[in-house]
Amino acid sequence: MKRISITFLASILMYGCGASKALITAEKTPILVSLDLVNVANDKVKVEINPGAFTADEVSFFIPKTVPGTYSEDNYGKYIEGFKAFDYNDKELTVSKSDDNTWNISNGKTLDKITYWVNDTFDSEQEQEEAVFSPSGTNILKDENFVLNLHGFIGYFANLKEVPYTISVAKPNELLATTSLNKKVIEDVALNQDVFTASRYFEVIDNPIFYAKSNSETFQINDIAVTLSVYSPNGVYTAATLKDRMEKMMAAQKTFMGDIDGTKQYSILLYLSQMGAEDAGGFGALEHHTSTVVVLPEAMPQDRLEQAMVDVVSHEFFHIVTPLNVHSKEVQYFDFNNPKMSQHLWMYEGTTEYFANLFQIQQGLIDEAEFYKRIMGKIGNSKAYDDAMSFTEMSKNVLEEPYKENYANVYEKGALINMAIDIQLREWSNGEKGVLWLMKELSKKYGDMTPFEDEALIDEIIAMTYPELREFFDAHVIGDTPIDYNVYFGKVGLASGETEQPCGRFFLDQEVPFIDADASNNDAIYVRNGITLSSFLLDMGAQGGDIIKSINGTPITLEGIGPVLQQSFVWPPETDITMVVMRGDDELTLKGKAGNPVVVVEKIFSLEHVTDEQQELRKAWMKN
């Protein structure tokens, strides 16, 4: 049995021999990568990359500027230190840099290997104005945890992105790997290493590896094997405690998707942050074709953590529909250092986010009231962005301003675009066809290995569905006309409008506070901007941005606000309130009664007279 591992190691050693490499060009041999997670130095990991022989005098090596799913330029090369290139005699070659992510190696024909050290991104998040989003970042915590989003550790040589990779990882004894990468069997356990293979560079960066102490569970969803791996630094959560909710949720997703199959295995990699100065602070998830990296606070109560997992993991899992099975050439042949973005974020992210909510009402995980609340939340959130911006134009230029600042609208208006299309398709097809049907048809036509032409997709959709749908795309997706959502609500016997609902608190609506502390201004307490205020604050004459100096004579500070808030819980409606605020340079005294605070909200409600056709269409839309 030992002979298998020796033969394998011998093959690796042969690639390090100059005579052998001279016979095997870089285009015809796997790129050998080694990561050392044992000898971590100053919170850095050493990487060695050993390609085949080059025939060019100058060789360029790249670490990605951006990766699929992030829609941001993160420049992962900034986290690389001590880059060195060696010839076959172990002598250093001259290396120069073109930018943060590109190294140029002279005398490329003699290049044997390169080495460098990698810093993690979690440690520096608090120091950077535009930090790497944690789920797409990296973590190096010696003997405890390694989040290996491999685009932060492994790069590629010019013109060699389609060459296979073999990745050897030296690891601590007690840490186990969770990943969807293909893993070789190493018979000699004394080697204490894992070896993974990838058919091309995209497969490398599309399969993160999560190293942690044993804390994982595997369950079967039809023919998909799902592994949930959890890193909880204080032992608050285990995979076993979260498994049941994840299993129920993913089973419901699979029922919703029906015969759409994008993978036979799926990995959920959950990192729970302590939220310290050198820990992850960007919460959410990053999708991959067969896995997702999730980062959430460890301090979250279990019910909220589980709901957050349902919302973010369901979104990421639906990405096996798009872009896994349906995507453009821009996605299939993604350029990590000079990307050309697709114009169809309304589908890649919008359809996925829509499904992540629709399946929950269809499969009985939430009720209609919750579903309506989520839809109205997306309508409200979408108004914070440019509602008159072409969605296709924004998508194509998402790495640039002013489009970049509107990116997050793909999760709000992107989902609403799909909702409108879904309702419209169901009306025209007597309830039989919707967006899920459309995605199934597109999946049959294309699949994971056949990309579509970016400019042709909408024409293809029109041809598959109804000519009348072009008007919607021309006006609201390609064009810049805002959507009147009540047109589509009306088709299913619904409408949206303003209504008053009790706040329950004078300075808080449910979990949404009307006031906050300004860390840049000595923790001054101020009235929040950009939200609908309670009737109490509006009747007092308060405005967003007002700094509260005192309430009924009590000075308001970060330390002193607590007792005042406690007192406000029992204020009778007739209580006289005097509030002194600073509005710009002016000090104002505001007076009024406590009253019974309410807040005006937008809600979806059923029309007074609903026809049978509207009821049937609503049932087809939400219950399928």
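## Ground rules

Residues are numbered from 1 along each chain as its sequence is written. In this predicted model local features need pLDDT of at least 70 and side-chain atom pairs pLDDT 80 or more, while totals for chains, interfaces and linings use all residues, and side-chain values use heavy atoms, with hydrogens and water left out.

## The largest cavity

There are four cavities of 30 Å³ or more. On a 1 Å grid over the protein atoms alone, a cavity is a set of points where a 1.4 Å probe fits but cannot get out, and lining residues have an atom within 4 Å of a point. The largest cavity has a volume of about 310 Å³ (the space filled by probe spheres set on the points, which are joined across faces, edges and corners). Its lining takes in 24 residues, with Pro 68, Gly 69, Tyr 71, Pro 323 and Val 331 closest to the centre.

## The second largest pocket

A pocket is an open set with protein on both sides within 12 Å along at least five of seven lines. The second largest pocket holds about 420 Å³ of space. Of its 20 lining residues, Phe 202, Asp 206, His 289, Leu 324 and Asp 448 sit nearest the centre.

## Helix α5

Helices here are DSSP runs (H or I, at least four residues), numbered from the N terminus. Helix α5 covers residues 302-317, and its end C-alpha atoms are 21 Å apart, which agrees with the 22 Å that its 16 residues should span at 1.5 Å a residue (1.5 Å times one less than the number of residues).

Buried residues (under 20% relative accessible area, 1.4 Å probe, protein chains only) in α5 include Leu 305, Met 309 and Phe 317.

Technical notes: Helices (H or I, at least four residues) and strands (E, at least two) are DSSP runs, numbered from the N terminus. Buried means under 20% relative accessible area, exposed over 50%, partly exposed in between (1.4 Å probe, protein chains only).
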